[in-house]
Amino acid sequence: MEGLEKSLVPEALHTSSGQILLEAKNLCLKFKHADQMICALDGVNFKLRAGEIYALVGESGSGKSTLARCLCNLLLPDSGEIKLHDLTYGHKKLSSAQRDQLCTLIQPLLQEGALDPALTLRQALAEPLQARRMTSPEINQQLLKLCDTVSLNRDLMELNCADLSGGQRQRAALARALSFNPRLLIADELTAPLDLSVQAQLINLLLQRCRKSGLTILLITHDFNLAAFAADRIGVMSKGKIVEEGAAEELCSRPKHPYTRALLHATLPASPSMARQRILSGLNEDLMLN
Ligand code: ADP
Ligand code: MG
């Protein structure tokens, strides 16, 4: 168990000194709901460094998914600006050339799922590669590589996405997102519907990918344990604002904001090492079953 733990937790897990990849400035967005205006984003400011894993935590309704959709240009904020690499966007719609560029920079793995259930796994994974005008042999080679990267059995390729298990679907969605070779992956409650051992495997895959290829990950979760386990930095979101952020270890052991303290208090175990142990024990259980 000791050896497994060491190999699963990359040494550089909680350090990152990359350049700024994304900067969000003063993002605001209100939704009209019945007669009320709901302030989903209330002046969000934050930065992501290249190669880091940044976990955004907060209770349901705090604005996490709205922020993710704005960053992916799926929703337009009322005001504010996002700078991602050499692209600046915000309230205005992007041109189709800019949207193509955005696809190569940022890929979402959003709560509502990304795979068309009517497509076979092969079709779902091949689509983005065909759009890049790859030849058939190139696509086949790339598909096998992608399946291996996310540990998806190659024999599943001809199954409909609807017939995959929850864990397989999440891996397939991850493979599809990775096929764009993006700089930034936004994973919104990626593991929430999965049981603990499958969560651990998927998160471990993301961590490996992040460390190997310098992928930056924005991990959105309501689960402080998961954030503490996986992230270099954590941002805490409440009522449309990031109320506190900091290095994962520091924020979990010395939370400053009362909301962070309350969230941590409600989530046991509250320290990164205990959270890591909990998640790894889920992974160990799974390994023992197979
Ligand atoms: P989280 O992902 O943290 O659970 P959301 O970003 O989904 O939070 O939602 C933030 C707030 O905005 C909530 O009050 C939610 O009800 C509201 N909201 C989100 N999307 C819409 C929408 N399309 N129309 C109206 N209200 C919305
Ligand atoms: Mg959400």
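Modeller: Let us start with one pair of residues: Cys28 stands opposite Ser79 in β4. Strands (E, at least two residues) and helices (H or I, at least four) are DSSP runs, numbered from the N terminus. The model is a predicted one, in which local features need pLDDT of at least 70 and side-chain atom pairs count only at pLDDT 80 or more, while totals for chains, interfaces and linings use all residues. Residues are numbered from 1 along each chain as its sequence is written, and chains are lettered from A and ligands numbered from 1 in the order in which they are written.

Biologist: How many bridges join β1 to β4?

Modeller: Strands of a sheet pair through backbone hydrogen bonds, either parallel or antiparallel. Here five bridges join β1 to β4 (residues 79–84), and the two run antiparallel; pairing requires that DSSP find at least two bridges between two strands. β1 also pairs with β2 in the antiparallel sense, over eleven bridges. In that pairing, His33 stands opposite Gln36. The two strands form a hairpin with two residues between them, and Ala34 in the turn has a positive phi of about 55°.

Biologist: In what order do the strands of the open sheet lie?

Modeller: The open sheet has four strands in the order β2-β1-β4-β5, with antiparallel pairing. β2 and β5 (87–90) are the edge strands, each pairing on one side only.

Biologist: Which residues surround ligand 1?

Modeller: A residue is counted as near a molecule if its C-beta atom, placed from the backbone, lies within 6 Å of it. The shell around ligand 1 includes Phe31, His33, Ile38, Ala40, Gly58 and Lys64. Two or more residues come from each of β1 (20–33), β2 (36–49) and α2 (64–71), and α2 gives the largest share, three residues.

Biologist: Are the residues of α2 buried or exposed?

Modeller: A residue is buried if 20 or more other C-beta atoms lie within 10 Å of its own, exposed if 12 or fewer, and partly exposed in between. In α2, eight of eight residues are buried, among them Lys64 and Arg69. Asn73, with a positive phi near 65°, follows the helix.

Biologist: Which residues are in contact with Ala55?

Modeller: Contact means that the C-beta atoms of two residues, placed from the backbone, lie within 7 Å. Leaving aside neighbours within four places in sequence, Ala55 is in contact with Leu219, Thr221, Ala227, Ala230, Ala231 and Ile234.
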